[in-house]
Amino acid sequence: MSSNAPRRLVRDLRFFLTVPHACSYLPDQEATTLFLDPQESPIPGVYDSLSLLGFRRSGRHLYRPHCEGCNACRSVRVPVERFAPNRTQRRISRRNEDITTRITPAYFDARHYALYADYINHRHADGDMYPPSHEQYRTFLTLDEPYAQLMELYLGDRLIGVAAFDELEHGLSAIYTFFSVDESLDKRSLGTLAILRLIELTHDKGLPHLYLGYWIEACRKMRYKQNFTPLEMLDGRQWRELIR
(Lines give C-alpha, C1' and ligand atoms only; values in the text may rest on other atoms or scores of the structure.)
Protein backbone atom coordinates (compact mmCIF):
# COMPACT_ATOMS: atom_id res chain seq x y z
CA MET A 1 0.00 0.00 0.00
CA SER A 2 1.34 3.41 -0.93
CA SER A 3 2.55 5.49 2.02
CA ASN A 4 0.65 8.54 0.70
CA ALA A 5 -2.63 6.60 0.46
CA PRO A 6 -3.85 6.11 4.05
CA ARG A 7 -6.40 3.35 4.57
CA ARG A 8 -9.94 4.65 4.64
CA LEU A 9 -12.55 3.10 6.89
CA VAL A 10 -15.33 1.55 4.83
CA ARG A 11 -17.95 3.29 6.96
CA ASP A 12 -16.54 6.66 5.87
CA LEU A 13 -17.16 5.97 2.18
CA ARG A 14 -20.27 6.74 0.14
CA PHE A 15 -21.99 4.08 -1.94
CA PHE A 16 -24.82 4.11 -4.46
CA LEU A 17 -27.24 1.53 -5.84
CA THR A 18 -28.15 1.16 -9.49
CA VAL A 19 -31.76 0.78 -10.52
CA PRO A 20 -32.78 -2.87 -11.07
CA HIS A 21 -31.68 -4.21 -14.44
CA ALA A 22 -31.64 -7.54 -16.27
CA CYS A 23 -29.21 -10.00 -14.71
CA SER A 24 -26.28 -10.89 -16.97
CA TYR A 25 -25.98 -14.42 -15.60
CA LEU A 26 -29.37 -15.79 -14.56
CA PRO A 27 -32.36 -15.68 -16.93
CA ASP A 28 -35.53 -13.89 -15.85
CA GLN A 29 -33.73 -12.32 -12.89
CA GLU A 30 -33.20 -8.68 -12.01
CA ALA A 31 -29.93 -7.41 -10.57
CA THR A 32 -28.91 -4.39 -8.52
CA THR A 33 -25.31 -3.23 -8.13
CA LEU A 34 -23.76 -1.44 -5.17
CA PHE A 35 -20.86 0.79 -6.21
CA LEU A 36 -18.43 3.15 -4.59
CA ASP A 37 -19.04 6.85 -5.15
CA PRO A 38 -17.35 7.57 -8.54
CA GLN A 39 -15.70 10.62 -6.96
CA GLU A 40 -13.78 8.26 -4.68
CA SER A 41 -10.63 7.14 -6.51
CA PRO A 42 -9.92 3.38 -6.10
CA ILE A 43 -6.65 4.02 -4.23
CA PRO A 44 -4.92 0.93 -2.83
CA GLY A 45 -6.03 1.27 0.80
CA VAL A 46 -9.70 1.59 -0.13
CA TYR A 47 -9.48 -1.06 -2.82
CA ASP A 48 -7.70 -3.56 -0.54
CA SER A 49 -10.35 -3.16 2.16
CA LEU A 50 -13.32 -3.43 -0.19
CA SER A 51 -11.95 -6.45 -2.05
CA LEU A 52 -12.04 -8.38 1.23
CA LEU A 53 -15.77 -7.58 1.30
CA GLY A 54 -16.37 -8.92 -2.20
CA PHE A 55 -15.95 -5.78 -4.29
CA ARG A 56 -14.52 -5.95 -7.80
CA ARG A 57 -13.02 -3.33 -10.12
CA SER A 58 -14.23 -2.35 -13.57
CA GLY A 59 -12.26 0.58 -14.95
CA ARG A 60 -12.26 3.18 -12.17
CA HIS A 61 -15.33 1.74 -10.46
CA LEU A 62 -15.49 -0.61 -7.47
CA TYR A 63 -18.72 -2.58 -7.22
CA ARG A 64 -20.45 -5.71 -5.97
CA PRO A 65 -23.88 -7.29 -6.52
CA HIS A 66 -26.57 -6.19 -4.07
CA CYS A 67 -29.71 -7.95 -5.24
CA GLU A 68 -32.85 -8.13 -3.12
CA GLY A 69 -33.77 -11.71 -2.35
CA CYS A 70 -30.79 -13.23 -4.20
CA ASN A 71 -27.23 -14.02 -3.12
CA ALA A 72 -26.25 -16.28 -6.03
CA CYS A 73 -23.11 -14.27 -6.82
CA ARG A 74 -20.37 -15.43 -4.44
CA SER A 75 -16.88 -13.96 -4.32
CA VAL A 76 -14.26 -16.69 -4.59
CA ARG A 77 -10.49 -16.88 -4.24
CA VAL A 78 -7.75 -19.51 -4.47
CA PRO A 79 -5.37 -19.91 -1.49
CA VAL A 80 -2.32 -20.41 -3.68
CA GLU A 81 -0.14 -22.22 -1.12
CA ARG A 82 -2.75 -24.97 -0.91
CA PHE A 83 -3.69 -25.06 -4.59
CA ALA A 84 -3.41 -28.54 -6.07
CA PRO A 85 -3.75 -28.71 -9.88
CA ASN A 86 -5.86 -31.61 -11.07
CA ARG A 87 -4.84 -34.00 -13.83
CA THR A 88 -6.38 -31.87 -16.59
CA GLN A 89 -4.67 -28.71 -15.33
CA ARG A 90 -1.31 -30.46 -15.13
CA ARG A 91 -1.80 -31.63 -18.71
CA ILE A 92 -2.63 -28.08 -19.82
CA SER A 93 0.51 -26.75 -18.14
CA ARG A 94 2.70 -29.33 -19.88
CA ARG A 95 1.02 -28.71 -23.22
CA ASN A 96 1.79 -25.00 -22.98
CA GLU A 97 5.38 -25.02 -21.79
CA ASP A 98 6.27 -23.20 -25.02
CA ILE A 99 4.05 -20.23 -24.11
CA THR A 100 5.84 -17.33 -22.42
CA THR A 101 4.40 -14.45 -20.39
CA ARG A 102 5.20 -10.78 -19.99
CA ILE A 103 3.79 -8.35 -17.42
CA THR A 104 2.95 -4.82 -18.57
CA PRO A 105 1.03 -1.82 -17.18
CA ALA A 106 -2.67 -1.69 -18.06
CA TYR A 107 -2.21 0.80 -20.89
CA PHE A 108 -4.03 0.78 -24.21
CA ASP A 109 -2.30 -1.28 -26.89
CA ALA A 110 -3.76 -1.67 -30.38
CA ARG A 111 -2.68 -5.34 -30.46
CA HIS A 112 -4.54 -6.02 -27.23
CA TYR A 113 -7.67 -4.32 -28.51
CA ALA A 114 -7.64 -6.28 -31.79
CA LEU A 115 -7.42 -9.54 -29.83
CA TYR A 116 -10.18 -8.38 -27.47
CA ALA A 117 -12.51 -7.32 -30.30
CA ASP A 118 -12.12 -10.68 -32.06
CA TYR A 119 -12.72 -12.51 -28.79
CA ILE A 120 -15.93 -10.60 -27.99
CA ASN A 121 -17.23 -10.88 -31.56
CA HIS A 122 -16.67 -14.63 -31.75
CA ARG A 123 -17.19 -15.82 -28.15
CA HIS A 124 -19.53 -13.30 -26.51
CA ALA A 125 -21.72 -11.78 -29.21
CA ASP A 126 -24.70 -12.47 -26.94
CA GLY A 127 -23.21 -10.65 -23.96
CA ASP A 128 -23.21 -7.17 -22.44
CA MET A 129 -19.85 -6.25 -23.98
CA TYR A 130 -21.02 -6.74 -27.57
CA PRO A 131 -20.31 -4.94 -29.79
CA PRO A 132 -16.78 -4.05 -28.71
CA SER A 133 -15.43 -0.53 -29.14
CA HIS A 134 -12.23 1.35 -28.34
CA GLU A 135 -14.03 3.45 -25.73
CA GLN A 136 -15.58 0.42 -24.06
CA TYR A 137 -12.23 -1.37 -23.93
CA ARG A 138 -10.39 1.66 -22.51
CA THR A 139 -13.09 2.24 -19.88
CA PHE A 140 -13.11 -1.42 -18.83
CA LEU A 141 -9.50 -2.63 -18.95
CA THR A 142 -7.07 0.30 -19.04
CA LEU A 143 -6.08 2.19 -15.92
CA ASP A 144 -3.06 4.32 -15.09
CA GLU A 145 -2.50 2.92 -11.62
CA PRO A 146 0.54 0.90 -10.49
CA TYR A 147 -1.61 -1.98 -9.21
CA ALA A 148 -3.37 -2.44 -12.59
CA GLN A 149 -1.38 -4.79 -14.81
CA LEU A 150 -1.67 -7.08 -17.82
CA MET A 151 -0.20 -10.53 -18.38
CA GLU A 152 0.55 -11.13 -22.06
CA LEU A 153 0.72 -14.69 -23.37
CA TYR A 154 3.05 -15.33 -26.32
CA LEU A 155 3.56 -18.28 -28.61
CA GLY A 156 6.92 -17.39 -30.07
CA ASP A 157 6.53 -13.75 -31.12
CA ARG A 158 2.77 -14.06 -31.52
CA LEU A 159 0.49 -12.49 -28.91
CA ILE A 160 -2.27 -15.02 -28.23
CA GLY A 161 -3.81 -13.89 -24.94
CA VAL A 162 -4.05 -11.15 -22.32
CA ALA A 163 -5.10 -11.44 -18.67
CA ALA A 164 -5.90 -8.21 -16.84
CA PHE A 165 -5.26 -8.33 -13.09
CA ASP A 166 -4.67 -6.10 -10.09
CA GLU A 167 -1.99 -6.50 -7.44
CA LEU A 168 -3.42 -5.99 -3.96
CA GLU A 169 -1.64 -6.26 -0.63
CA HIS A 170 -3.28 -9.66 0.07
CA GLY A 171 -3.35 -11.17 -3.40
CA LEU A 172 -3.84 -10.76 -7.11
CA SER A 173 -7.32 -10.08 -8.46
CA ALA A 174 -8.10 -11.49 -11.91
CA ILE A 175 -10.15 -8.90 -13.80
CA TYR A 176 -10.70 -10.34 -17.29
CA THR A 177 -8.99 -12.66 -19.75
CA PHE A 178 -9.29 -12.70 -23.53
CA PHE A 179 -7.41 -14.74 -26.09
CA SER A 180 -7.09 -15.75 -29.73
CA VAL A 181 -10.12 -17.36 -31.37
CA ASP A 182 -7.85 -19.27 -33.76
CA GLU A 183 -9.27 -22.82 -33.73
CA SER A 184 -5.76 -24.27 -33.96
CA LEU A 185 -5.21 -23.01 -30.39
CA ASP A 186 -8.40 -24.46 -28.89
CA LYS A 187 -6.66 -27.52 -27.44
CA ARG A 188 -4.36 -25.25 -25.44
CA SER A 189 -7.24 -24.18 -23.14
CA LEU A 190 -5.89 -20.64 -22.92
CA GLY A 191 -8.48 -19.47 -20.37
CA THR A 192 -7.44 -22.17 -17.90
CA LEU A 193 -3.77 -21.58 -18.67
CA ALA A 194 -4.11 -17.88 -17.85
CA ILE A 195 -5.50 -18.69 -14.39
CA LEU A 196 -2.74 -21.24 -13.77
CA ARG A 197 -0.11 -18.66 -14.72
CA LEU A 198 -1.75 -16.08 -12.43
CA ILE A 199 -1.68 -18.60 -9.58
CA GLU A 200 2.05 -19.09 -10.24
CA LEU A 201 2.60 -15.33 -10.30
CA THR A 202 0.68 -14.88 -7.05
CA HIS A 203 2.85 -17.53 -5.43
CA ASP A 204 6.06 -16.01 -6.81
CA LYS A 205 5.10 -12.62 -5.35
CA GLY A 206 4.57 -14.20 -1.94
CA LEU A 207 0.89 -13.25 -1.88
CA PRO A 208 -1.70 -15.57 -0.32
CA HIS A 209 -4.68 -15.41 -2.69
CA LEU A 210 -5.80 -15.17 -6.28
CA TYR A 211 -9.26 -13.62 -6.45
CA LEU A 212 -11.40 -15.01 -9.28
CA GLY A 213 -14.39 -12.69 -9.02
CA TYR A 214 -17.90 -14.06 -8.68
CA TRP A 215 -18.98 -17.69 -8.84
CA ILE A 216 -22.59 -18.56 -9.57
CA GLU A 217 -23.42 -22.21 -9.10
CA ALA A 218 -26.40 -22.11 -11.49
CA CYS A 219 -24.47 -20.32 -14.26
CA ARG A 220 -22.71 -22.67 -16.68
CA LYS A 221 -20.20 -20.00 -17.76
CA MET A 222 -19.01 -19.63 -14.15
CA ARG A 223 -18.54 -23.30 -13.32
CA TYR A 224 -14.92 -23.43 -14.47
CA LYS A 225 -13.91 -21.55 -11.32
CA GLN A 226 -14.81 -24.48 -9.08
CA ASN A 227 -12.11 -26.54 -10.83
CA PHE A 228 -9.39 -24.56 -9.02
CA THR A 229 -9.25 -26.17 -5.61
CA PRO A 230 -9.28 -25.55 -2.80
CA LEU A 231 -11.57 -22.59 -3.41
CA GLU A 232 -12.62 -20.15 -0.71
CA MET A 233 -15.98 -18.35 -0.82
CA LEU A 234 -17.06 -15.16 0.91
CA ASP A 235 -20.01 -16.00 3.15
CA GLY A 236 -21.23 -12.73 4.58
CA ARG A 237 -17.99 -11.23 5.93
CA GLN A 238 -16.20 -14.55 6.43
CA TRP A 239 -14.14 -16.49 3.88
CA ARG A 240 -14.64 -20.25 4.12
CA GLU A 241 -13.67 -23.20 1.95
CA LEU A 242 -16.22 -24.14 -0.67
CA ILE A 243 -17.17 -27.75 -0.11
CA ARG A 244 -18.79 -29.57 -3.03
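Which residue in β12 is the bridge partner of P79? It is H209. The close-ups below come from a predicted model, in which local features need pLDDT of at least 70, side-chain atom pairs count only at pLDDT 80 or more, and totals for chains, interfaces and linings use all residues. Residues are numbered from 1 along each chain as its sequence is written, and side-chain values use heavy atoms, with hydrogens and water left out.

View 1. Strand β7 covers residues 74-79, and strand β12 covers residues 209-215. Helices (H or I, at least four residues) and strands (E, at least two) are DSSP runs, numbered from the N terminus. β7 and β12 are antiparallel and share 6 bridges. Two strands pair if DSSP finds at least two bridges between them. 6 of the 6 residues of β7 are buried, so the strand is largely enclosed by the rest of the structure. Buried means under 20% relative accessible area, exposed over 50%, and partly exposed in between (1.4 Å probe, protein chains only). One face of β7 carries R74, V76 and V78, and the other S75, R77 and P79. Both faces are covered.

View 2. β13 spans residues 232-235 and runs antiparallel to β7, with 2 bridges between them. V76 has M233 as its bridge partner. R77 has E232 as its partner. β13 is also joined to β14 (residues 238-241), again antiparallel, by 4 bridges. Here M233 stands opposite R240. β13 and β14 make a hairpin with 2 residues between them. G236, in the turn, has a positive phi of about 70 degrees.

**View 3. A salt-bridge network includes R77 and E232.** R77, R82, E232 and E241 are linked in a network of salt bridges. A salt bridge is a side-chain nitrogen of Lys or Arg within 4 Å of a carboxyl oxygen of Asp or Glu. The structure holds 14 of them.

**View 4. R60 meets E145.** The closest N and O atoms of this salt bridge are 3.5 Å apart. R60 lies in the loop between β5 (56-58) and β6 (61-65), and E145 in the loop between α4 (134-141) and β9 (148-155), so the pair ties together parts 85 residues apart in sequence. R60 is partly exposed, with a relative accessible area of 41%.

**View 5. D186 meets R123.** Their side chains form a salt bridge (3.5 Å, N to O). D186 sits in the loop between β11 (171-179) and α5 (190-204), R123 in helix α3 (residues 110-123). The two are 63 residues apart. D186 is partly exposed at 42% relative accessibility. R123 is partly exposed at 37%.

**View 6. R111 meets D109.** The closest N and O atoms of this salt bridge are 3.1 Å apart. R111 is partly exposed, at 40% relative accessibility.

View 7. R87, R90, R91, R94, R95 and K187 form a positive surface patch. Patch residues have over 30% relative accessible area and no salt bridge; like charges are joined within 9 Å, nonpolar side chains (Val, Leu, Ile, Met, Phe, Trp, Tyr) within 5 Å. R91 is in helix α2 (residues 87-95) and is partly exposed at 35% relative accessibility.

**View 8. E97 in a loop.** E97 lies between α2 and β8 (99-105). E97 is exposed, at 65% relative accessibility. The C-alpha atoms of E97 and I175 are separated by 24 Å.

Definitions and conventions. Areas by Shrake-Rupley, 256 points an atom, 1.4 Å probe, with all protein chains shown as cover. Lys, Arg positive; Asp, Glu negative; His and termini not counted. Charge placed at Lys NZ, Arg CZ, Asp CG, Glu CD.
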